[in-house]
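Here is a friendly walk through one structure, loop by loop and helix by helix. Keep the viewer open as you read.

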Amino acid sequence: MTAPTTDKYSAGEQGLGYIYQARLALLHLLQLPEDTAVLLEKDDDLDFVDSGGNKTLASLKHKAVGDRLTDLSADFWKSVNIWLARYKRDGRTASNLRFFLFTTGTVSAASFLARLLPDQAAAFGDAPTLTELARTTLDKSTSKLIGPIATAFNELSDTEKQDFLERILILDNSPRIGDIPATIRDKHMRSIRREHRDFVFERLEGWWTDAVIRQLTGASTEGIFGYEVSDKLSNFAEEYKADNLPITFRGKVPNDEIDTETDPRLFVAQLREIGLSSSRIRSAILDYYRAFQQRSAWARENLLVSGEVEEYEDRLADEWNRYKDVIFEKLKDDSAEDALREAGATLYNWAEFDTGKIESLRIRARVTEPFVLRGSFHILADARPEPRVHWHPRFFDRLGKVLGVAS
């Protein structure tokens, strides 16, 4: 196990804070009404805006295990400094702001900050007000950090001070960054089978990370709404139903450059035999890559039933064989090469464009992604020692030559 770094210049904690910010935003958005939107790094770490336009500014503190929040904790007063500026900017008592402090630490029971925890009873009788408690705390501070904050706070009237403090909520013992995935899986994915929840979370967080990046880079200026998260989670969940499979390789490309002229694989050599253009061969290579990788992903996630792929390939090969007989039956032993190529191209066009309309040729009823079917034909055309499908009518007569090219 690697020991934690003690380098004072290390950016690890700061980096962890950014990841925590995104993860906690996702968790909290799942817990709020769906018409709530979140923005990152706008007025605070997180801004939550409800359907009525009311805004909650949230500061996040991911602290060491056992950390405690006391009267003069810098984490609290730094957040107060931010909130005071926004409170004054937006009209003070007329503003529509609330302020949350999420911390993985614990508020000390002896601190006046305990009055800012959820479900705290309002002060009554001779109990000091929040304003009085805050004033007493600030008066005993000698901190250079807190001094200017006390000055800004004291610019408020007593009514404004009390109003400001009553808008603050401290949510201590907030989940740590490593605990958030389990919290989301256990509390917000109960409609998804347990063995699939890890994979659904990975996909949800991948989408969420992209959405956060778009917002932070300015590609999107709108907040991310709770209903967007719900819709995406629902869509991912649907892909793990018995009649469906998740599609995660749509649009993916191989790391290696595609070379249609020299690619040695048998299925590519077959396509050259029927005179396909370089651009169509490139599309075929992409279909093969995506289908192969997608199958591998399904296998890693244990989503396939034993023998399912083999049975699926049998269906494809059988349908190919029937249509091949129709296309090739009018050819003669002395048919010209142009006629042979045209017949092969017709058969290939059927496999590429028409088979997607045949429901019985889907690996599962709701898996309609074209590359799955197209790529599966290329996998069959690449099978060794002998391809299970071919396109050129004289393919087996030329097999030795083609295999020599493909070896």
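## Asn302 and the end of H10

Asn302 sits in the loop between H10 and H11, where helices are DSSP runs of H or I with at least four residues, strands are runs of E with at least two, and both are numbered from the N terminus. The model is a predicted one, in which local features need pLDDT of at least 70 and side-chain atom pairs count only at pLDDT 80 or more, while totals for chains, interfaces and linings use all residues. Residues are numbered from 1 along each chain as its sequence is written, and side-chain values use heavy atoms, with hydrogens and water left out.

Although Asn302 is not a glycine, its phi is positive, at about 55 degrees. Is Asn302 buried or exposed? Its relative accessibility is 67%, so Asn302 counts as exposed; the cut-offs are under 20% relative accessible area for buried, over 50% for exposed and partly exposed in between, using a 1.4 Å probe and protein chains only.

## Helix H10

The helix that Asn302 follows is H10, which runs over residues 278–300. Its 23 residues reach 33 Å from first C-alpha to last, close to the 33 Å expected at 1.5 Å a residue; the expected span is 1.5 Å times one less than the number of residues.

Among the buried residues of H10 are Ile281, Leu286 and Trp298, along with the charged-type names Asp287, Arg290 and Arg295. Which helices do the buried residues of H10 pack against? They pack against H9 (266–273), H11 (308–328), H12 (337–354) and H13 (370–381), with contact meaning heavy atoms within 4.5 Å.

H13 is mostly covered, as 10 of its 12 residues are buried. Those buried residues include Phe371, Leu373, Phe377, His378 and Ala381, and the buried set packs against H9, H10, H11 and H12. The end C-alpha atoms of H13 are 17 Å apart, which agrees with the 16 Å that its 12 residues should span at 1.5 Å a residue.

In the loop between H13 and helix H14 (399–406) you will find Pro385. A cis peptide bond, with omega about 10 degrees, joins Arg384 to Pro385.

## Nonpolar cores

In soluble globular proteins, nonpolar side chains tend to be buried together. Here the largest nonpolar core has 74 residues, and Trp208 and Trp391 touch the most other members; such a core is a set of buried Ala, Val, Leu, Ile, Met, Phe, Trp, Tyr and Cys residues joined through side-chain atoms within 4.5 Å. Leaving aside neighbours within four places in sequence, the contacts of Trp391 include Leu271, Trp320, Phe328, Tyr348 and Phe377.

A second, separate core of 30 residues includes Leu97, Ala134, Ala152 and Ile168. Ala134 is also a contact of Leu165, as are Leu116, Leu130, Thr131 and Phe153, when neighbours within four places in sequence are left aside. Leu165 belongs to helix H5 (residues 158–166) and is buried, with a relative accessible area of 2%. Its C-alpha atom is 7.3 Å from that of Thr131, 34 residues apart along the chain.

## The second largest pocket

The second largest pocket holds about 310 Å³ of space. On a 1 Å grid over the protein atoms alone, a pocket is an open set of points where a 1.4 Å probe fits, with protein on both sides within 12 Å along at least five of seven lines, and lining residues have an atom within 4 Å of a point. Grid points are joined across faces, edges and corners, and the volume is the space filled by probe spheres set on the points.

Helix H7 (197–216) and helix H8 (226–238) are the elements giving two or more residues to this lining, and H8 provides the largest share, 3 residues. The lining includes Arg203, Trp207, Lys232 and Phe249. By class it has 4 nonpolar, 2 polar and 5 charged residues, where Ala, Val, Leu, Ile, Met, Phe, Trp, Tyr, Cys and Pro count as nonpolar, Asp, Glu, Lys and Arg as charged, and the others, Gly among them, as polar.

## Other loop positions

Asn173 lies in the loop between strand E7 (168–171) and helix H6 (180–188). It has a positive phi of about 55 degrees although it is not a glycine, and it is exposed, with a relative accessible area of 51%.
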